[in-house]
Amino acid sequence: MSFKIDRGLFKYDFIDHHAVLCVPVDADVKEIRKRYLQVARRLHPDSSFTESAEQKQLGNEFLSKLVNPAYEKLCGDRTRTEYILILSQIGKRLVQESTSVTLNTELAKQLTEAANLDHFYKSAIAKLAQTQYDSLEQVLQVIAQVSELNLVYLMRSAGKSSAAPPPPAQPKVQSGTPQQNTPKNTPPAPPKEDSVVEQYVRRAQSLIDKNQFASAKVELQEALKLEPKNSRCHSLIAMVYLKQNQLKMAKIHFDNALKLDPNDETALQWKPKIDKALGQQPSDHKVTSSPNNGDKQPDKSGSGGLFGGLFGGKKK
């Protein structure tokens, strides 16, 4: 059986693994694992759901060719980080090509105009998940429908983050009041639009608040490519590494943050504790060569000691 899908994100030569599992694009690893186990139980050849030989074979093909690869991609640390980064880039691309995007399902069209984007999107995904694999003959159509929802959600989310603020309202001038030489009549300066780096930082902070550290790290790595001497970015990505128990990487970025801003409160608070956990004397904030975007060597020294249980251990 051919598993070709040409709607939603699949139309952009992209395998939408979130649609295969029917989970939101911002789902965390715990939510993804829970959904995978539900689908795997339903599709397993020993399931009473697949009674006939044809149904067993079809269910097994879905499991081995779509569901298992989706789970492996979304739950592996490296593959998930790369995948989320690609999703982010697709979202930006969709904003630029929004006039050429075609939608086939009514639900996706409704999402383009929904006032509460997150609520409508996640409610629709949850409802479709209830029956996604009930009829194996309809599975591909449901996956395509979910992928269209993902497309719209990514496009609207990226559009919101890059939208410029509205122009400031002009102050009212009472009749008969001279306008010249009156400071009150001077229009206020327009609000400063967030820079690209500030947008990355804002999204990263939001992801950190949701404990989505891998996605936050991707945003901060992109920010550091643009501004490698941004102390705020170094401090934030150090906290991400700290919460992932990668103490050596956290130390490198805290060192950089303190060199760029000796008064960085977060770095001043955590750097001495990291030094102690690593069995080192507190440093004089001398910067080690920072891998910024490569971050090639993951640290494994944080599994015990001071930070072993600080954030509940390593993420499973």
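Thr 266 is partly exposed, with a relative accessible area of 26%, where partly exposed covers the range between buried, under 20% relative accessible area, and exposed, over 50%, using a 1.4 Å probe and protein chains only. The model is a predicted one, in which local features need pLDDT of at least 70 and side-chain atom pairs count only at pLDDT 80 or more, while totals for chains, interfaces and linings use all residues. Residues are numbered from 1 along each chain as its sequence is written, and side-chain values use heavy atoms, with hydrogens and water left out.

**Thr 266 and its contacts**

- Thr 266 is found in helix H12, helices being DSSP runs of H or I with at least four residues and strands being runs of E with at least two, numbered from the N terminus.
- Setting aside residues up to four places away in sequence, Thr 266 touches Ser 235, Met 239 and Phe 254, a contact meaning heavy atoms within 4.5 Å.
- Between Thr 266 and Ser 235 the C-alpha to C-alpha separation is 6.8 Å, although the two residues lie 31 residues apart in sequence.

**Packing of H10 with H12**

- Helix H10 (residues 231–243) packs with helix H12 (residues 265–277) at an angle of about 40°, their axes lying 11 Å apart; axes are lines fitted to C-alpha atoms, for helices over the stretch in contact, and angles run from 0 to 180 degrees between N-to-C directions.
- That angle makes H10 oblique to H12, since angles under 35 degrees count as roughly parallel, over 145 as roughly antiparallel, 65 to 115 as roughly perpendicular and the rest as oblique.
- H10 passes H12 in a left-handed crossing, meaning that the near helix is turned anticlockwise from the far one by less than a right angle.
- On the H10 side the contact is made by Ser 235, Met 239 and Leu 242, and on the H12 side by Thr 266, Ala 267, Trp 270 and Ile 274.
- Sorted by class, the contact of H10 with H12 has five nonpolar residues, two polar ones and no charged ones, with Ala, Val, Leu, Ile, Met, Phe, Trp, Tyr, Cys and Pro counted as nonpolar, Asp, Glu, Lys and Arg as charged, and the others, Gly among them, as polar.

**Salt bridges**

- A search of the whole structure finds 11 salt bridges, each a side-chain nitrogen of Lys or Arg within 4 Å of a carboxyl oxygen of Asp or Glu.
- Arg 203 forms a salt bridge with Glu 219, with the closest N and O atoms 3.2 Å apart, and this pair links distant parts of the chain, Arg 203 in helix H8 (residues 196–209) and Glu 219 in helix H9 (residues 213–226), 16 residues apart.
- Glu 219 counts as buried, because its relative accessibility is 9%.
- Asp 255 and Lys 251 meet in a salt bridge at 3.6 Å, N to O; both lie in helix H11 (residues 247–260), four residues apart, about one turn of the helix, and both are buried.
- Asp 255 also meets Lys 271 in a salt bridge at 3.3 Å, N to O, a pair that joins helix H11 to helix H12 across 16 residues.
- Lys 271 is buried, as is Asp 255, and salt bridges that share partners join Lys 251, Asp 255, Lys 271 and Asp 275 into one network.

**The chain as a whole**

- The chain contains 12 helices and zero strands.
- Of its 316 residues, 45% count as buried.
- Among contacts between residues at least 6 apart in sequence, 70% join residues at least 24 apart.
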